[in-house]
Amino acid sequence: MTAQSSRTAGSVSTGSVTLVGGGPGTAELLTIAAVTALQQADVVLFDRLAPNDDLASLAPKATLIDVGKRAGSHPVSQTGIEDLMVEHALSGQRVVRLKGGDPYVFGRGSEEVLACHRNGIAVTVISGVTSAIAVPAAAGIPLTHRGISHAFTVISGHAPLTDNELEGLTLLGSTIVVLMGVGTLPTFSQGLLRHGMPAAMPVAIIERGFSATQRTTVSTLSTVLADAAAAGVRSPAVLVVGEVVRLAFSGDSAAEDLVARAAEFAVSD
Ligand code: SAH
């Protein structure tokens, strides 16, 4: 992680930065452009949610630097990440900044691009498969379905939503996908109910998509808090609120029972 500050400015040609969307956690969902960038990388700065099991073989020439944020601790701050990226690029290296999902979906990718611009570093962005779409799909949930939902909104649950946002989502009446939403689930679910969303609206929480411990909890808007607490739901997870959840087929009998229960609840509500 050393800065190449001992080199005299101007004595090496400037390197480059490529922001790479690493997809939702499995190397199989890396794009060909992502694989090529990794193969050519001298340095890879990677996140916790980016696929990192097989990184040494995907990026054989590269120094691998883990800048991932773990629950409760922040090994490298956002400014620290940007500084590392810039320092390595200025010392002539090809830097890959490997991020989970898509770099421009809540990934602070645009801040990293601006940091490169400020420092005169060539930067390119390789789109990735976002967890917002792929993780529900891994649980058998399509975000749109003809006759059921013709729109979806992807929203960050990092901070509680405003009343205007909750009202807007309720009025829109289509699929809602929440990332980083486990912590704000109480205010989110109560807020949607308060703005008139039906109590029986199906909700799915998919934890750790594409890992061996992927798990889906299916519930309804009025019961999701109790069900999430009973299941011990934890981040990282993607929340889906909407009728499309009824289409879920995860192959997991517990999830199917819950879908059936949500459907019964809706009929008798
Ligand atoms: N840029 C990323 C999102 C970054 S925000 C993307 O496009 O996917 C991080 C949030 O994404 C997590 O808190 C979680 O809500 C979601 N997430 C990312 N990968 C996930 C996975 N494999 N399983 C479940 N949720 C995931």
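The legends below describe close-up views of a predicted model of one protein chain. Residues are numbered from 1 along each chain as its sequence is written, and side-chain values use heavy atoms, with hydrogens and water left out. Because this is a predicted model, local features need pLDDT of at least 70 and side-chain atom pairs count only at pLDDT 80 or more, whereas totals for chains, interfaces and linings use all residues.

**View 1. The protein chain as a whole, with nine helices and 10 strands.** Helices (H or I, at least four residues) and strands (E, at least two) are DSSP runs, numbered from the N terminus. Of the 269 residues in the protein chain, 44% are buried, where buried means under 20% relative accessible area, exposed over 50%, and partly exposed in between (1.4 Å probe, protein chains only). The accessible surface comes to about 12,900 Å², and 55% of it belongs to carbon and sulfur atoms; these areas come from the Shrake-Rupley method with a 1.4 Å probe, and for residues only the protein chains shown count as cover. Among contacts (heavy atoms within 4.5 Å) between residues at least 6 apart in sequence, 65% join residues at least 24 apart.

**View 2. The open sheet of five strands, in the order β6-β7-β10-β8-β9.** The pairing in this sheet is mixed, two strands being paired if DSSP finds at least two bridges between them. Strands β6 (152-156) and β9 (215-220) stand at the edges with a single partner strand each, so one side of each is left without a neighbour in the sheet. From one strand to the next the twist averages 20°. Helix α5 (residues 131-138) packs on the sheet, where it touches β6, β7, β8 (202-207) and β10, and its direction makes about 80° with that of β10; axes are lines fitted to C-alpha atoms, for helices over the stretch in contact, and angles run from 0 to 180 degrees between N-to-C directions.

View 3. Strands β8 and β9 pair in the antiparallel sense over six bridges, with Val218 in β9 as the bridge partner of Ala204. Five bridges join β8 to β10, again antiparallel, and Ile205 stands opposite Leu239 in β10. Strand β7 (residues 175-179) pairs with β10 (residues 237-241) in the antiparallel sense over four bridges, and Val178 stands opposite Leu239.

**View 4. The buried residues of helix α1 (residues 32-40).** Ala34, Ala37 and Leu38 are buried in this helix.

**View 5. Two loop residues, Asn52 and Thr26.** Asn52, in the loop between β2 and α2, is partly exposed, with a relative accessible area of 28%. Not counting residues up to four places away in sequence, Asn52 touches Phe46 and Asp47. The C-alpha atoms of Asn52 and Leu98 are separated by 9.2 Å, although these residues are 46 apart along the chain. Thr26, in the loop between β1 and α1, is buried, with a relative accessible area of 18%, and it touches Pro51 and Phe210, again not counting residues up to four places away in sequence.
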